[in-house]
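Hi,

Here is the structure I promised to pass on. Have a look at it first, and then read on for what turned up when I went through it.

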Amino acid sequence: MTYRTSGRAGVLAAAVSAALLIPAAVAATPAAAAAPAVTCTSAKAGLATKLKKDITAALANRKGTVAIGLYDRSTKTTCTLRATSAYDSASTVKVTVLATLLWDAKKHNRYLTSTEQSLAKAMITKSDNDATSKLWKQLGVTKIKGFLSAAGMTKTVPGSGGYWGLTQENVTDEQKLLKLVTAKNSVLSDNSRAYILKLMGQVVSSQRWGTPAGAPSSVAVHVKNGWLQRSTHGWRVHSLGTFNGAGHDYMISVLTQDNSTMNYGVTTIQNVAKAIHKDLVPTTAGATRYAPTAQPREAFVAVPPQG
């Protein structure tokens, strides 16, 4: 009797232990959340499939969190990845600052002053932080929000306390901005758009990295980049570019964070850019493609000591 009771108790104990262990094992190894996939559409047969494949391949084995936006007017091609995820803007917000300045000047039916022109040129072509801070302060957050509203950039939130580099932006809104800069619209005048593109086309060579990588020589390049390191999410490295020529009119936004180093983020962006340019604008043998500097530079933006 004693033996049978012990046996029954042993069976029950084993069953209880098994019941307890099964949920624990499941909880310890949850199914990994699937990473978001690149999505592409195009009016040109086969192009969306090729872009999705090649952009995905460019991101294979790359660490970090990458958001991508591509739009080509000529082939009605769009590619997106994490398009609504928010990132600290770093220096890419400088395009928004210039657009706000021009939008506000248009509202008041005036030209930029010589001082404003000097600050704008330094801000875009050399990524000058002091020039940006002066224009940011002159405009004020209310005007910047006014422009964002007019531009439909509903998810862009200006950085507080004068920390314009911590403006929250996403790929969707940056693509909206680049579309405004590159086609006729009621928000920015034709002269304003031409002025923005002119300055983005005059960025110093050490800052012409990122989205221009691999662009064919038959295409005009306009770029603005940014980077920023913080204790959370490591290095943010971003690149905005517009490209026109060879029968194409396209724009690329790539925002990244969780990069181990600045150069790691730059390489990730350039891998994606090379794939896009190659697929959109195939070149004949011997044609040249843009090779960015091996020593990329960008201005460090001011941030609070924590975060």
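A residue counts as buried when its relative accessible area is under 20%. By that cut-off, buried residues make up 48% of the 307 residues in the protein chain. Please keep in mind that this is a predicted model. The chain has 8 helices and 8 strands. Of its contacts with a separation of 6 or more, 69% are between residues 24 or more positions apart.

Let's start with the inside. Nonpolar side chains tend to be buried together in soluble globular proteins. Here the largest nonpolar core has 50 residues, and the ones with the most contacts inside it are Leu-98, Phe-147, Leu-188 and Ile-196. Several elements give two or more residues to this core, among them the strands β2 (65-72), β6 (220-229) and β8 (248-259) and the helices α3 (93-107) and α5 (129-151). Which element gives the most? That is α3, with 9 residues.

Leaving out residues up to four places away in sequence, Phe-147 touches Thr-96, Ala-99, Thr-100, Trp-103, Met-153, Leu-177, Val-187 and Leu-188. There is also a second, separate core, with 32 residues that include Ala-48, Ile-68, Ala-215 and Tyr-250.

Next, a pair of helices. Two packed helices are described by the angle between their axes and the distance between the axes. For α4 and α7, the axes come within 8 Å and cross at roughly 50°, so the two helices are oblique to each other. On the α4 side, the contact is made by Gln-117, Ala-120, Lys-121, Ile-124 and Thr-125, while α7 brings in Tyr-195, Leu-199 and Met-200. Sorted by class, that contact has 5 nonpolar, 2 polar and 1 charged residues.

How many disulfides does a search of the whole structure find? It finds 1. The disulfide is formed by Cys-40 and Cys-79, with their sulfur atoms 2.1 Å apart. Cys-40 sits in strand β1 (residues 39-41) and Cys-79 in strand β3 (residues 77-81), so the pair ties together parts that are 39 residues apart in sequence. The torsion about the S-S bond of Cys-40 and Cys-79 is about 115°, so this disulfide is right-handed. Are the two cysteines buried or exposed? Both Cys-40 and Cys-79 are buried.

A few single residues are also worth a look:

- Leu-255 is in strand β8 and is buried, with a relative accessible area of 0%. Leaving aside neighbours within four places in sequence, Leu-255 is in contact with residues including Thr-65, Val-66, Ala-67, Tyr-87, Val-237 and Leu-240. Val-171 is another of the contacts of Leu-255; the two are 84 residues apart in sequence, and 7.1 Å apart in space, C-alpha to C-alpha.
- Thr-268 belongs to helix α8 (residues 262-280) and counts as buried, at 0% relative accessibility. Beyond neighbours within four places in sequence, Thr-268 is in contact with Leu-59, Arg-62 and Val-66.
- Gln-138 is in helix α5 and counts as partly exposed, at 42% relative accessibility. With neighbours within four places in sequence left aside, Gln-138 is in contact with Leu-101, Arg-110 and Glu-116. Gln-138 and Glu-116 are 22 residues apart along the chain, and their C-alpha atoms are separated by 10.0 Å.

Last, some backbone angles. Most residues other than glycine have a negative phi. Lys-76, though, has a positive phi, near 50°. Lys-76 is in the loop between β2 and β3 and counts as exposed, at 57% relative accessibility. Ala-246 is not a glycine either, and its phi is positive at about 55°. Where does Ala-246 sit? Ala-246 is in the loop between β7 (235-245) and β8, where it counts as partly exposed, at 45% relative accessibility.

Cheers

Definitions and conventions. Residues numbered from 1 in each chain as written. Predicted model: local features only at pLDDT ≥ 70, side-chain atom pairs only at ≥ 80, totals over all residues. Heavy atoms only, no water. Core = buried A, V, L, I, M, F, W, Y, C linked by side-chain atoms within 4.5 Å. Buried < 20%, exposed > 50% of the residue type's maximum accessible area, 1.4 Å probe, protein only. Helix = DSSP H or I, 4+ residues; strand = E, 2+ residues; numbered from the N terminus. Contact = heavy atoms within 4.5 Å. Axes fitted to C-alpha atoms, helices over the stretch in contact; angles between N-to-C directions. Parallel < 35°, antiparallel > 145°, perpendicular 65-115°, else oblique. Nonpolar A, V, L, I, M, F, W, Y, C, P; charged D, E, K, R; others polar. Disulfide = S-S within 2.5 Å.
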